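Here is a short briefing to read with the model open beside you.

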Amino acid sequence: MPDATGLELIAQELREAEADSVLDTLFFRDRATLIVNPPAAHATIERLKAKRYGFLASLHGVDYYPDEPRLGVIYELLDMSSVDRITVKVRVATDAPEVDSVVDLWPGAHNPEREVYDMFGVVFTGHPDLRRILMPEDYEGHPQRRDFPIGGEPVIFTYNENKVPGWTQ
Amino acid sequence: MDAVSSVSDYRKQEESVSLSPVEQPGTSQELLTLNMGPHHPATHGVLRLIVTLEGEIVRDCQPIIGYLHTGIEKTAEDKAYWKAITIVERMDYLAYYFNATAFCGAVEDLLGVEVPKRAQYLRVIHLELNRIMSHLVWLGTSALDLGAISMFWYCFRERETILDLFEMSSGQRMHTRYVQVGGVIEDIPVGFAEKVRDFCALMPARADQYTALLDRNEIVLRRLRDIAIVDEQTLLGLGVTGPLLRATGNPWDLRKADPYCSYGDFDFQIPVGTVGDNYDRFKVRLAEIYESVKIIEQALEGLPEGPFITEDRKIALPPRHELGTSMEALIHHFKLVTEGFRVPPGEVYHPIEGPRGELGCFVRADGSSKPARVHMRDPSFSNLQALPHMVKDTYIADMIASLAMLDPIIGGIDR
Amino acid sequence: MEISRQPASSPEEFRARQLRARDMLRGDLEGEELQRFVEERVLTARLDTAVSWARGNAIFPLTFGLACCAIEFMSIVGARVDVARFGFEALRASPRQADLIVLSGRISIKMAPVIRRIYDQMLEPKWVIAMGACSSSMGVFNNYAIVPADKFLPVDVHVPGCPPRPEALMHGVLKLRAQIHNDPGESWRSRYAAQDTEEVIGPAAGHDGPDTIDVFGAGDSAGA
């Protein structure tokens with residue numbers, strides 16, 4: 001992990017390359033996070049990849065409900081030669097959930113981006129095949145959003161077994 | 001004597017270097033799209049493959065997943081951290097200690113709590129036993145796919161011994177919830193260390209038996225040697241880690257690169273391959289069994305005295321004998337069991353080296369007693385993206401062997 | 001229950017059989033007719049028993065593994081809990097050749113129609129064991145993504161556990177075998193002498209007097 005000053009230097013470099021790309025930096029528990037503006041996300045990640053963070057360890061989504069902007073996409077980048085990790089966080093709102101796809105940088109982002117689309121509804125522009133990966137193709141809704149109900153079967157006790165019709169069949 | 005004219009077109013095609021079809025006038029050729037799975041005896045779990053075939057040669061292979069999606073990450077948001085360990089454990093169902101360790105490691109990072117040395121060593125012992133067990137199941141089922149059916153019984157014989165050890169330390173064979181936030185749930189019982197030592201004395205000899213059965217076997221060599229070679233740069237672009245990456249020669253292993261959980265105290269080596277074919281993947285995993293045995297022996301030798309879970313009563317349950325005398329212990333116990341401990345807000349990604357590659361756990365805490373987001377970065381999910389590259393231009397039988405050498409665990413892929 | 005199908009016979013034969021059955025019920029059959037009547041019945045009963053004995057001792061399970069329970073299902077084929085001692089080691093990959101499907105693991109909503117199709121492809125007689133907590137009830141995960149097996153398949157034996165030990169699954173398989181042999185054995189009903197109990201569900205059961213306490217109604221401390 002780059003230490004706090006290293007993180008600030010990286011952020012400054014990125015801001016010099018493109019103004020307003022890095023919105024904020026976070027150094028928490030020895031882990032460095034850059035919070036990046038969604039339109040500049042692809043370019044920033046490309047610069048980080050060119051710099052030295054050449055391995056995409058993880059790409060996942062988070063729902064920050066009720067904080068806005070609600071949906072977050074998190075990229076965990078890894079530099080194998082110096083064992084250095086850096087996190088890039090991009091936050092988009094539900095009404096405009098578009099982020100540029102990084103499949104051109106790492107082909108391994110194909111499945112994780114499909115999963116983030118499936119579970120959260122973030123649309124990755126430029127993705128060759130953006131469709132549901134874990135849920136059935138015709139499923140409606142994005143399950144891992146915080147306001148999606150958890151679902152499941154009701155647990156049947158004696159007080160509600162009448163109210164659950166047909167459980168004896 | 002002109003022997004060429006007696007060779008059939010099929011034989012010519014088989015032996016041709018470019019695997020391109022023999023042109024015949026007046027016919028047209030089409031590629032056949034075939035669906036394999038999700039129920040198929042050779043797939044390791046419910047994986048559906050859409051293969052595009054030209055004769056018997058696979059031109060393209062698209063995996064379709066989601067047939068085991070259980071909503072583990074969403075369910076874990078609904079449970080306290082203590083209970084979420086059991087949920088998250090069932091993800092990659094052959095590496096349950098690893099799932100729990102990744103999750104507990106992330107929560108420990110968020111809490112800023114330190115795991116005592118004894119607990120770290122106990123975790124390492126169980127993690128390496130689990131790694132051996134996972135590789136044994138892989139070996140048994142892969143040999144079954146290749147046709148060496150008796151390997152299945154030999155590997156499962158060793159697996160039963162390991163599961164007996166797990167049952168001895170935690171009471172359960174699988175999904176033991178032995179790893180807890182702050183340490184392990186219980187100290188090892190009397191006699192456990194001797195049994196593990198017996199197992200460590202026995203395992204290398206057994207692994208030698210497996211090697212003797214398979215390693216110089218002509219059928220295994222013909223089926224695995226020089227099949228499904230993928231180069232290192234492609235694998236790195238796909239996010240592949242673990243034995244698949246090590247088979248190409250890249251010695252990336254988080255246990256050595258970024259030691260966690262006292263792995264830096266142990267002396268072991270990372271087996272790497274040279275060519276990156278199926279045979280190298282097979283040899284790397286087989287060699288990892290020997291290295292894991294070494295780690296377990298060293299961990300047993302150096303097992304320090306001390307607590308097996310953190311002393312912080314706000315996170316770990318107090319020992320039973322304190323409940324009768326101390327009021328604070330009772331209150332802590334009550335709060336921990338009913339509500340659970342609260343984790344201050346933050347986000348952390350904690351990666352460890354699982355048997356299939358980098359297993360990472362991302363936890364977002366929002367200050368309450370339930371995690372706000374748990375994401376497990378599963379190695380098989382990324383490794384599966386290497387499958388189309390591995391099976392391109394090989395036979396269907398080679399595709400089955402490549403799938404076996406890939407070692408996908410669909411529970412981890414689908415979560 | 002076995003439905004034995006008799007080949008179509010002529011109307012006269014049928015009438016004769018009807019009259020014989022009537023005489024048997026009245027106690028009027030005697031001599032040779034009675035003997036033949038008894039022999040026919042005993043032979044069919046013996047044949048049924050023999051067929052169920054053979055069926056139960058040679059079940060072909062389907063190689064079907066979903067999740068964690070599948071690993072314990074593989075252990076049952078292993079050497080310690082050896083399913084081959086009972087004759088079940090011939091696991092068939094094709095559903096057309098299999099008798100028994102063991103739903104070993106959690107059934108996601110994407111997989112449920114696939115399992116139903118596999119079950120439909122199996123030939124009669126076929127049995128289903130729901131192994132583990134996830135397939136019988138929702139298991140550890142009570143959420144949007146999975147479905148219990150009872151919703152789309154008739155299940156014969158539920159084996160609880162997460163995952164059930166191989167010995168527990170073996171117990172479930174042997175219970176199924178006993179069921180196939182028409183000899184279900186001691187169950188909890190006979191152990192607790194609860195053979196002829198009747199369940200009363202709801203106020204419509206006809207007990208509307210002032211003394212009845214409706215345990216199924218809304219929470220109300222008046223009757224406590």
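Helices (H or I, at least four residues) and strands (E, at least two) are DSSP runs, numbered from the N terminus. By that count, chain B has 17 helices and nine strands. This is a predicted model, in which local features need pLDDT of at least 70 and side-chain atom pairs count only at pLDDT 80 or more, while totals for chains, interfaces and linings use all residues. Residues are numbered from 1 along each chain as its sequence is written, and chains are lettered from A and ligands numbered from 1 in the order in which they are written.

**Chain B overall**

- With a radius of gyration of 24 Å, close to the 22 Å that the globule rule gives for 415 residues, chain B is as compact as a globular protein of that length. The radius is taken over C-alpha atoms, and the rule is 2.2 Å times the number of residues to the power 0.38.
- The C-alpha trace of chain B spans about 100 × 45 × 35 Å along its principal axes.
- Of its 415 residues, 54% count as buried. A residue is buried if 20 or more other C-beta atoms lie within 10 Å of its own, exposed if 12 or fewer, and partly exposed in between, with C-beta atoms placed from the backbone.
- Residues 24 or more positions apart make up 68% of the chain B contacts with a separation of 6 or more. Here, a contact means that the C-beta atoms of two residues, placed from the backbone, lie within 7 Å.

**Chain C overall**

- Chain C comes to seven helices and three strands, and from the N terminus on its elements run α-α-α-β-α-β-α-β-α-α.
- Of the 224 residues of chain C, 32% count as buried.
- Among contacts in chain C between residues at least 6 apart in sequence, 73% join residues at least 24 apart.

**The nonpolar core**

- A nonpolar core is a set of buried Ala, Val, Leu, Ile, Met, Phe, Trp, Tyr and Cys residues joined through C-beta atoms within 7 Å.
- The largest such core has 217 residues, and those with the most contacts inside it are A:Leu77, B:Val88, B:Phe103, B:Val107, C:Ile101, C:Leu103 and C:Ile129.
- Helix H5 (residues 117–146) of chain B supplies the largest share of this core, 15 residues.
- Leaving aside residues up to four places away in sequence, C:Ile101 touches C:Leu62, C:Phe64, C:Ile118, C:Tyr119, C:Met122 and C:Val128.

**Where chains B and C meet**

- The contact takes 28 residues from chain B and 29 residues from chain C.
- On the chain B side, the elements that give two or more residues are helix H2 (72–76), helix H3 (81–89) and helix H6 (150–170). H6(B) gives the most, with four residues.
- By class, the side of chain B that touches chain C has 13 nonpolar, 10 polar and five charged residues. Ala, Val, Leu, Ile, Met, Phe, Trp, Tyr, Cys and Pro count as nonpolar, Asp, Glu, Lys and Arg as charged, and the others, Gly among them, as polar.

**The sheet of chain A**

- Five strands of chain A form an open sheet in the order E1-E2-E5-E4-E3, with mixed pairing; two strands pair if DSSP finds at least two bridges between them.
- Strand E1 (22–28) and E3 of chain A are the edge strands, each pairing on one side only.
- From one strand to the next, the twist averages 20°. Axes are lines fitted to C-alpha atoms, for helices over the stretch in contact, and angles run from 0 to 180 degrees between N-to-C directions.
- E1(A) and strand E2 (residues 31–36) of chain A pair in the antiparallel sense over six bridges, and A:Leu26 stands opposite A:Thr33 in E2(A).
- Helix H1 (residues 4–17) of chain A packs on the sheet, touching E1 and E2 of chain A, and its direction makes about 170° with that of E1(A).
- Helix H3 (residues 110–120) of chain A lies across E3 and E4 of chain A, running at about 5° to E3(A).

**Backbone details**

- Most residues other than glycine have a negative phi, and most peptide bonds are trans.
- The peptide bond from A:Tyr65 to A:Pro66 is cis, with omega near 0°; A:Pro66 lies in the loop between strand E3 (55–63) and strand E4 (71–79) of chain A.
- The bond from A:Glu68 to A:Pro69 is cis, with omega near -10°, and A:Pro69 is found in the loop between E3 and E4 of chain A.
- B:His175, although not a glycine, has a positive phi of about 50°. B:His175 sits in the loop between H6 and strand E4 (179–180) of chain B and is buried, with 21 other C-beta atoms within 10 Å.
- B:Asp226 has a positive phi of about 60° although it is not a glycine. B:Asp226 is in the loop between helix H8 (218–224) and helix H9 (232–238) of chain B and is partly exposed, with 13 other C-beta atoms within 10 Å.
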